[in-house]
Structure formats: C-alpha cells, structure tokens
Amino acid sequence: MANCGRTALFCLFFVFTIQHCAGFWDFWPFNINKETTPSVKVIPETDGNFIHIKHFDESSLQVYIDSMNRFLEPYIKPIHGENLYICDFNNPPPEGRVCHFDRKSLDYCTPENDYSVRRDSPCLLFTLSQVLNWTPTVFNRSDIQDNTNSFSTIPAKVNQSITLAERENSIEKYIWFTCEGDTAADKEFLGPVNYYPQNGFPTYYFPFNNVDGYLSPIVGVHFARPVRGVVITIICKAWAKNIPLDEEKGLGYAKIHLLID
C-alpha cells in the first residue's frame, strides 16, 4: 500500500512539474493548438455569424461598433510597441520583431467611419487564426489552370490578382481573400464588394512565431450596396494551397448571414 501511495505521489508530482513547464515546450500534449492551418475569423463575432443591421436601433448598431473597436484596440494601442517593425515585401520582420499593421489602411472600415454600419454599406473585418510556425504556400497561375485540383473554381477576383502579379513579375505574395454571395440570388442581393487595404493577407506576416506584440493582418470587407430587407448568405474564403477548403468541416472559409433593415 505504501509503495502504491509513493507511486501515485510521484505521478502527481511529474504531471504538475510538466504542466509548470508546458508554456516552454511546444510538444506538451495538453496545450497543443489543435489547428494545423489558420481558420477564418469574422469580426464582429455573433451567434452563427448573423449580422443584423437595424438602422433605427442605435443600441444594436453600437454593439457591432463596440465589438470591432475592442478587436482593433491592440492595433491602436499596442502592448509591445517596441517590437513593431514597418514591413513590406522587400523588408520582412527581423528576428524577434513583428510587422506593424496600419489600421488606417482599412479606409471605410475604420473606427473613425464607424465601420460604415450606420449607412447602407456595412464593413466586416476578417483575420486568420494564429497557428505556430505555419507558412502559406501561395497560388500561381498554373495552379488555377489545373482543373484536377479542388481549387479550380477559384473566383475571378483572385484569378485576376494572380494573373496581374505574374504579368508584372511582382514579388508581392498574398493569401488571397474573397467574399461572395452563396447562391446566384445572394450574389445579386449582395452587390459590389470592396477590400481594404487589399483582397488578401501579405505573406510577410507569416509564420507566426509567438513573438510578443504579434498581431494578425486584417482584411476589411466593405459591402457597398447590399439589398435591404432580405437575408443574404455570404461565403468568405482564404485562398492558399495549404489552406484546405472543406465546407462540411468549416475549414478555410466563413459563412455569414447579413440582414439590413
């Protein structure tokens, strides 16, 4: 009985010791990030991604504005500002630094504009979840022309962006991003869609290495003239070769329901 007690105490001591060190060990099984590729995150967060814009209900509009303000607060007042670095495709972040995201580049989708929710053309903000050491594999023209892969239906907006970049021999590489109506009727009801600062996430923000102050890049999506009074189902997708698109499992995309009264 004494031996059993000593064994139990040793096991408990071992578990608590490992848990104490788990923050330093990527392989600790109880703290592993279950995601192996980034997922698409929608801001504001709502139940079932249902966005109901009520023009004559100021309190409901303010709920959405406050949610987006809270999300952007670290971008406006960074906690570890000393680690920020002004990045571009020629200047990726040095070791131990992270890329600054200029929230003013969101244009219509900024706090100063109330994210346009008080008009008939609301904005939503999108980002990707942080997955340790994940690096995107971007699309090129040959990937789109290959009808044997699951990405052969890539939207015209992404097709045009890739074609233009290759034609100009651009060094700019993106995880492309699109939002479209789910059905033909949804596409018609949704109307024009604008992206700020670009219809994609720059690759120099990746990989995420858990450096203090890291903030994911944002795409602001401005729905310029959606039809009022109908629920519009919108599918937003991140496009990279190593981001799987599986609608049954909800991978690589987000489904949003937009209603403007």
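A salt bridge is understood here as a side-chain nitrogen of Lys or Arg within 4 Å of a carboxyl oxygen of Asp or Glu. The structure above is a predicted model, in which local features need pLDDT of at least 70 and side-chain atom pairs count only at pLDDT 80 or more, while totals for chains, interfaces and linings use all residues. Residues are numbered from 1 along each chain as its sequence is written, and side-chain values use heavy atoms, with hydrogens and water left out.

By the rule for salt bridges, the count comes to 3. In one of them, Arg118 meets Asp114, with the closest N and O atoms 2.4 Å apart. Arg118 also forms a salt bridge with Glu58, at 2.3 Å from N to O. This second pair links distant parts of the chain, for Arg118 belongs to the loop between strand 4 (98-99) and strand 5 (123-128), whereas Glu58 belongs to helix 2 (residues 58-76), 60 residues apart. Helices (H or I, at least four residues) and strands (E, at least two) are DSSP runs, numbered from the N terminus. Through shared partners, salt bridges join Glu58, Asp114 and Arg118 into one network.

The surroundings of these side chains can be described by accessibility, where buried means under 20% relative accessible area, exposed over 50%, and partly exposed in between (1.4 Å probe, protein chains only). Arg118 is partly exposed at 33% relative accessibility, Glu58 is partly exposed at 42%, and Asp114 is partly exposed at 25%. Another salt bridge connects Arg103 with Glu112, the closest N and O atoms being 2.5 Å apart. Here Arg103 is buried, with a relative accessible area of 14%, whereas Glu112 is exposed at 53%.

Cys109 is joined to Cys123, with an S to S distance of 2.3 Å. The torsion about this S-S bond is about -70°, so the disulfide of Cys109 and Cys123 is left-handed. Cys109 lies in the loop between strand 4 and strand 5 and Cys123 in strand 5, so the pair ties together parts that are 14 residues apart in sequence. Cys109 is buried at 0% relative accessibility, and Cys123 is buried with a relative accessible area of 1%.

A further disulfide joins Cys87 to Cys99, at 2.1 Å from S to S; its torsion is about -95°, so it is left-handed. By contrast, the link between Cys179 and Cys236 is right-handed, with 115° about the S-S bond. Because Cys179 lies in strand 6 and Cys236 in strand 10 (residues 232-239), this pair ties together parts that are 57 residues apart in sequence. Both Cys179 and Cys236 are buried.

Aromatic side chains complete the account. Rings of Phe, Tyr and Trp (its six-membered ring) pair if their centres lie within 6.5 Å; planes under 30 degrees apart count as stacked, over 60 as edge-to-face and the rest as tilted. The whole structure holds 11 aromatic pairs. One of them, formed by Tyr108 and Tyr196, is tilted, with 5.9 Å centre to centre and 45° between the planes. Tyr108 lies in the loop between strand 4 and strand 5 and Tyr196 in strand 7 (residues 193-196), so the pair ties together parts that are 88 residues apart in sequence. Tyr108 is partly exposed at 34% relative accessibility, while Tyr196 is buried at 16%. Elsewhere, ring pairs link Phe89, Tyr174, Trp176, Tyr204 and Tyr205 into a cluster.

Terms used: A disulfide is a pair of cysteine sulfur atoms within 2.5 Å.
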